[in-house]
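Dear colleague,

Here is the structure we talked about handing over. Please look it over first; my notes follow below.

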Amino acid sequence: MAHQISNDCTNCGACVDSCPVNAINAGDSKHNIDADTCIDCGACVDTCPVSAISAA
Ligand code: SF4
């Protein structure tokens, strides 16, 4: 199961560089995690200022 970014995401981009496998991409209204790329390491979770990232 990959981590997920909720609709609380403000599209700030703070999490992008925290991902060791570059699974986080900008979307139109929020950032998204590519479920096929994410290795579920959790490195991105604490980088989000609005706590929008969680384990699925
Ligand atoms: Fe990347 Fe790890 Fe977050 Fe998955 S859990 S998106 S691999 S930083």
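In what order do the elements of the protein chain run from the N terminus on? They run β-β-β-β. The model is a predicted one. In total, the protein chain has four strands and zero helices. Its radius of gyration is 10 Å, close to the 10 Å given by the globule rule for 56 residues, so the chain is as compact as a globular protein of that length.

Overall dimensions and surface

Taken along the principal axes, the C-alpha atoms of the protein chain fill a box of roughly 25 × 20 × 20 Å. The accessible surface of the chain comes to about 3,500 Å², and carbon and sulfur atoms account for 44% of that surface. Of the 56 residues, 29% count as buried. Among the contacts in the chain with a separation of 6 or more, 54% are between residues 24 or more positions apart.

The core

In soluble globular proteins, nonpolar side chains tend to be buried together. Here the largest nonpolar core has 13 residues. Which of them touch the most other members? They are Ile5, Cys15, Ile24, Ile33, Cys44 and Ile53.

The ligand

There are 13 residues around the ligand, and those that come nearest are Cys19, Cys38, Cys41, Gly42 and Cys44. By type, the shell divides into ten nonpolar residues, two polar and one charged.

Two asparagines in one loop

The loop between β1 (3-5) and β2 (24-26) holds Asn11, and Asn22 lies in the loop between β1 and β2 as well. Phi of Asn11 is near 65°, a positive value in a residue other than glycine. Asn22 has a positive phi of about 55°, although it is not a glycine either. Are these residues buried or exposed? Asn11 is partly exposed, with a relative accessible area of 25%, whereas Asn22 is exposed, with a relative accessible area of 60%.

Regards

Key. Residues numbered from 1 in each chain as written. Predicted model: local features only at pLDDT ≥ 70, side-chain atom pairs only at ≥ 80, totals over all residues. Heavy atoms only, no water. Near = heavy atom within 4 Å. Nonpolar A, V, L, I, M, F, W, Y, C, P; charged D, E, K, R; others polar. Core = buried A, V, L, I, M, F, W, Y, C linked by side-chain atoms within 4.5 Å. Buried < 20%, exposed > 50% of the residue type's maximum accessible area, 1.4 Å probe, protein only. Rg over C-alpha atoms; globule rule 2.2 N^0.38 Å. Contact = heavy atoms within 4.5 Å. Areas by Shrake-Rupley, 256 points an atom, 1.4 Å probe, with all protein chains shown as cover.
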